[in-house]
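Here is a short tour for someone opening this structure for the first time. Keep the sequence and the 3D view side by side as you read.

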Amino acid sequence: MHILSKSTYIKGEQCEKALYLFKNRPFLRDKLSMEQRAKFKRGTDVGILAQQLFPGGINMTPSSPSLFGKKAIETMQNLSNPDINVMYEAVFQYDDTLIMLDIIVRDGDKWRAIEVKSSLSISPTYMKDAALQYYVLKGCNVPLSDIQLMYINADYVREGNLDLSQLFVFQSVKDYAEQYQDVIAKNIAHFKDIIKQPHSPKIPVGNQCDTPYRCEFHGHCWKDVPNKLNEPYIIDYKPLYELLGNRNYSTAFLNLLFYRPAVPLFDGDKPYSEFIIAFSVLSNNGKFDKIYNWNCLDDLSRWKDSLELLATQLTGFERVICFASQNIQASLQKYNLLESKELNYKILNLREVLQQSGFEHEKVKNDFSLKNVYETVFPDKTLFEHSRIILNALSDNLMERNLITNDLELENKALREVYQHFAR
Ligand code: SF4
């Protein structure tokens, strides 16, 4: 039975208390956020695609956690079976530490270890991950020709069928991993000691709670910290009123749902190219709300229809309010949507306006989302996480996909409330 895994080791590097709590008090964890679930799904999709570049492998994923030990034995047996050339999710265990390797491929009389990442570049955390895997693989006496990170090629442009050999790039991290081995051995010994302690280490909350990942014990550790969340927000009204201008403009609220697939879907696209997959426009004729919804979730190839429909829907309004983390004007201008000058003039990104007006509050410090702004401005109200829409939009289930229409409308109404709260 193992004591550490790759994820618990990484936790220990981030914060020893997080490691201790995870192993001894896992019930104190926060609920998994929608954002984390969306990221997890993206990683899994890319991992499965990466396997296709090394076809015919055996998947070693155990059907239950109790089978990890059995799978580790089978993995070692497979290494000496000349009929097996590729394994996915191969399980290795050494020094009470268990890892699952995304792909391992026979390379002459050795093996090439590959860890797949769905990102466009390599981070120091990924390098450390790989160094831990190398430590375990070496400990298991696996003859390694190399250990590599396989990630997405930012320059790849899709033309016709996906060319997996161009979509992915490889980088050897063997030299780095080699240098890091003593540190890993010491860390593992230390982490095993920590886990055995009768009490959790006394570590105050700090920057480590959000770096490199948001810790899942946030709720537990921060509950006794003097609560800045109850303090009112700060804003500088002078620039705010200047930026917001006249409230009497005829106004529409626009909620756009962009999709940035790691793997390009259409010809001419690069990885993470952005396109519109749904939108909702909310306006009011003085008496009634008028709502227009559109999406192409049943057939993403129809996404370009959104451009003309948006142009039609937004004509006639003097002002279009949205809330987005990206530069909406730049995103829309890429598609020559509307005459660019008219669009520039009309669209107001409330997120940018609030940031430029010095809107500050503990709740928006790490995540300046509509949900957090809304709940700061209206402390007795709540809004769902935006990632709920993304997860439902990408679901295989038609009923879940249909839920996004209502959610886009709800977000748009929340946006209108925030706007009306500030506009004079
Ligand atoms: S919330 Fe902060 S202090 Fe608490 S376990 Fe996590 S990283 Fe450590």
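This is a predicted model: local features need pLDDT of at least 70, side-chain atom pairs count only at pLDDT 80 or more; totals for chains, interfaces and linings use all residues.

Strands β4 and β5 (residues 110–116) run antiparallel and are joined by 5 bridges. A quick word on terms: helices (H or I, at least four residues) and strands (E, at least two) are DSSP runs, numbered from the N terminus, and two strands pair if DSSP finds at least two bridges between them. The strands β4 and β5 make a hairpin with 2 residues between them, and G108 in that turn has a positive phi of about 65°.

Residues are numbered from 1 along each chain as its sequence is written, and side-chain values use heavy atoms, with hydrogens and water left out.

On to the other hairpin: β3 and β4 also have 2 residues between them, with D95 in the turn. Strand β3 (residues 86–94) pairs with β4 in the antiparallel sense over 8 bridges, and F92 finds its bridge partner in β4 at I99. The phi of D95 is near 55°, a positive value in a residue other than glycine.

Which way do β1 and β4 run, parallel or antiparallel? Strand β1 (residues 4–5) and β4 run parallel, joined by 2 bridges; S5 has L98 as its bridge partner in β4. Strand β4 (residues 97–107) has 8 of its 11 residues buried, so it is largely enclosed by the rest of the structure. Here, buried means under 20% relative accessible area, exposed over 50%, and partly exposed in between (1.4 Å probe, protein chains only).

Strand β5 carries the pairing on to β6, which runs parallel to β5 with 6 bridges between them. One of the pairs to look for is A113 with I147 in β6. Strand β6 (residues 144–152) is also largely enclosed by the rest of the structure, because 8 of its 9 residues are buried.

## Around the ligand

Which residues are around the ligand? They are C15, A18, Q208, C209, C215, F217, H218 and C221, where being near means having a heavy atom within 4 Å. This shell divides into 6 nonpolar residues, 2 polar and no charged. For that count, Ala, Val, Leu, Ile, Met, Phe, Trp, Tyr, Cys and Pro are nonpolar, Asp, Glu, Lys and Arg are charged, and the others, Gly among them, are polar.

D129 lies in helix α5 (residues 124–139) and is buried, with a relative accessible area of 6%. Its side chain makes a polar contact of 3.3 Å with that of K117 (a pair of N or O atoms within 3.5 Å; within protein, one must be able to donate a hydrogen and the other to accept it, and residues adjacent in sequence count only if both atoms are side-chain atoms).

H190 sits in helix α8 (residues 181–196) and is partly exposed, at 36% relative accessibility. For P212, look in the loop between α8 and α9 (218–222); a cis peptide bond joins T211 and P212, with omega about -5°.
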